[in-house]
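These are my notebook entries on one protein model, written in the order in which I looked things up. I began with the aromatic rings and went on to strands, a helix and a few backbone angles.

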Amino acid sequence: MPIIDPLSYGQNQWHIILSDYDQSMRSRMRDLVFAHSSELTDSFYQQMMALPEAREFLEHQVVNQRLKASMILWLKQAFSIQDTSEIAAAVEHQLEVGKVHARINLPINLVSLGARLHKRRLLELISNLWQTPADWLPAVQYLQDVMDVSLELMSLAYVTKSDRKSRADEAYRLHSLSLNLSVERERQRAALLDWSHELMFALHSGEATFKGLSRSEFGLWFYHQAISVFDGAPEINQIEQVLQHIDLVLLPQLQASAQSGNMVEKMAQLQQEVKAIIYFLTTLFDRYIELEQGRDTLTRLLDRRFLPAVMNREVKLSKRNSGVFSVILFDIDHFKAINDNHGHEGGDMVLQQVANLVAGAVRSSDFVFRYGGEELLLVLVEVSADKALVIADKIRTKLMNNPLKLPGNQTQQVTMSGGVATFDGHPDYEHLINRADKALYRAKSLGRNLCAVAE
Ligand SMILES: Nc1nc2c(ncn2[C@@H]2O[C@H](COP(=O)(O)OP(=O)(O)OP(=O)(O)O)[C@@H](O)[C@H]2O)c(=O)[nH]1
């Protein structure tokens, strides 16, 4: 972890630059950058888009639209600092850019490459503007210093942010181990057996298509949770191998043998493989002890600090598999009035019951976070926009139809509003949550007790 404070370090560096270079040269450089900032940005964008590694981060429409504007702003700001009073805001902006890069896991080499492309073009422009090397040397040194300090600050913010993020990732992994493992083990064993019974039924009744194991509740849990929770455990690979064998080899064979009416042998093999998964699963769970930590103490929901770990993984999985996932941001309606009428204790009771109801209404592969005081954030893996709205409305209606307990044996109908947003390819997960937040705001302003979808 860096031992320096990025903000004061950055300010010091900028003070040195201002005192080292002559004011009139600095203002000529500012004019030069202002005159060419669009051209510099266009050529940067074009060259970066030629790199597949960079395209992944740049091709989203919103990034495309905003990147150019923010790149122009960044360039102008870096070269327009003429007075010490302008330093603080500029440094904060550079640190902010570094944090965004870290949040979306932008490889640091791409940032350096971007700076190099700008430097190269600016050097050409400098040599055209100043006649002799003696004249343009200070401008070149100034260019070098401005770009280097900006890059340094962005990297400093990046390292600090990534360091926090990897600690949160690790904490999330540890936290996940603290789930009630014996309950989860039984739940997953049951999900696995349910899938195999459904399959047997489908085969016997001559159904033409059936769901593969990786698409079942067990499969979704395995790919979205178990792989990270039990990261590095040998049973994970063993389960995945059997799972893939079932889906890719055994199921097509079973389908073929169903047509010829001779499924006995393949059925027996399937039973054996399901048993093998259960065996690996049991061994896996039994190796981990239950640690009660990492949950929000009031609601027992996931703590918000694990959000970056979960969201970044879902973004990565969706991008890799051209898949999709959705988030729902729920906010209890008129919660302040509940606190006012029934005391904080009453408010807490309501929060706990709402959390239980919501957590019990989603699949084991989904995530439920306590996002704020009376806000819950649901991350629904592999759920598209239309389905997410149906789920959000189902949960909202369930709450509306189940009066909650309050102190003194009272009950009360409680409602909540929801904002639904579906992953649209943007690499920064906060973009998705912001969209859900805006939709929630709309649901509130339309009268509450309803769910709205992000635009
Ligand atoms: N009891 C309790 N109250 C909390 C907790 N966290 C936040 N709150 C309260 O939740 C209330 C939220 O109120 P507002 O943001 O005004 O919203 P609201 O009354 O729910 O109204 P709308 O959201 O507009 O429907 C505040 O009074 C907070 O003090 C908590 O953990 N327990």
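**Entry 1: aromatic pairs**

I searched for ring pairs and found that the structure holds eight aromatic pairs, where rings of Phe, Tyr and Trp (its six-membered ring) pair if their centres lie within 6.5 Å, and planes under 30 degrees apart count as stacked, over 60 as edge-to-face and the rest as tilted. I then took up Trp221 and Phe285, whose ring centres are 5.9 Å apart with planes at 15°, so this pair is stacked. Trp221 belongs to helix H9 (residues 217-229) and Phe285 to helix H11 (residues 264-287), so the pair ties together parts that are 64 residues apart in sequence. Helices (H or I, at least four residues) and strands (E, at least two) are DSSP runs, numbered from the N terminus.

I noted that Trp221 is buried, with a relative accessible area of 3%, and that Phe285 is buried at 3% relative accessibility; buried means under 20% relative accessible area, exposed over 50%, and partly exposed in between (1.4 Å probe, protein chains only). Ring pairs also link Phe218, Trp221, Phe222, Tyr223 and Phe285 into a cluster.

**Entry 2: source and overall counts**

I remind myself that this is a predicted model, in which local features need pLDDT of at least 70 and side-chain atom pairs count only at pLDDT 80 or more, while totals for chains, interfaces and linings use all residues. Residues are numbered from 1 along each chain as its sequence is written, and side-chain values use heavy atoms, with hydrogens and water left out.

For the protein I recorded 15 helices and seven strands, and buried residues make up 49% of its 455 residues. Among contacts (heavy atoms within 4.5 Å) between residues at least 6 apart in sequence, 75% join residues at least 24 apart.

**Entry 3: charges over rings**

I looked next for a charge over a ring, which requires NZ of Lys or CZ of Arg within 6 Å of the ring centre and within 35 degrees of the ring normal. The charged end of Lys76 sits over the ring of Phe34, 5.0 Å from its centre, and Arg304 lies over the face of Tyr371, at 4.0 Å from the ring centre.

**Entry 4: strand S3**

How many residues of S3 are buried? I found seven of the seven, so S3 is largely enclosed by the rest of the structure. Both of its faces are covered, with Glu375, Leu377, Val379 and Val381 buried on one side and Leu376, Leu378 and Leu380 buried on the other.

I then checked the strand pairing, for which DSSP must find at least two bridges between two strands. S1 and S3 run antiparallel and are joined by seven bridges, with Leu380 in S3 as the bridge partner of Ser326. Strand S2 (residues 367-370) is also antiparallel to S3, through four bridges, and Arg370 stands opposite Leu376 in S3. S2 and S3 form a hairpin with four residues between them.

Leaving aside residues up to four places away in sequence, Glu375 touches Leu329, Phe330, Asp331, Phe369, Arg370, Asp437 and Leu440. The C-alpha atoms of Glu375 and Asp333, 42 residues apart along the chain, are separated by 10.0 Å.

**Entry 5: helix H14**

Helix H14 (residues 385-400) has 16 residues and reaches 23 Å from its first C-alpha to its last, close to the 22 Å expected at 1.5 Å a residue, the expected span being 1.5 Å times one less than the number of residues. Which residues of H14 are buried? I listed Ala388, Ile391, Ala392, Ile395, Arg396 and Leu399. They cover an arc of only 130° around the axis, which puts them on the same side of H14; the arc is that of the directions from the helix axis to the C-beta atoms. An α-helix has 3.6 residues a turn, so residues three or four places apart point the same way.

On the face turned away from the buried side, H14 carries the exposed residues Asp386 and Val390. What covers the buried residues of H14 includes strand S1 (325-332), helix H13 (335-361) and strand S3 (375-381).

**Entry 6: positive phi angles**

Last, I looked up backbone angles, and Arg300 has a positive phi of about 65° although it is not a glycine. Arg300 is in the loop between H11 and helix H12 (307-320) and is partly exposed, with a relative accessible area of 38%. His334, in the loop between S1 and H13, has a phi near 50°, again a positive value in a residue other than glycine.
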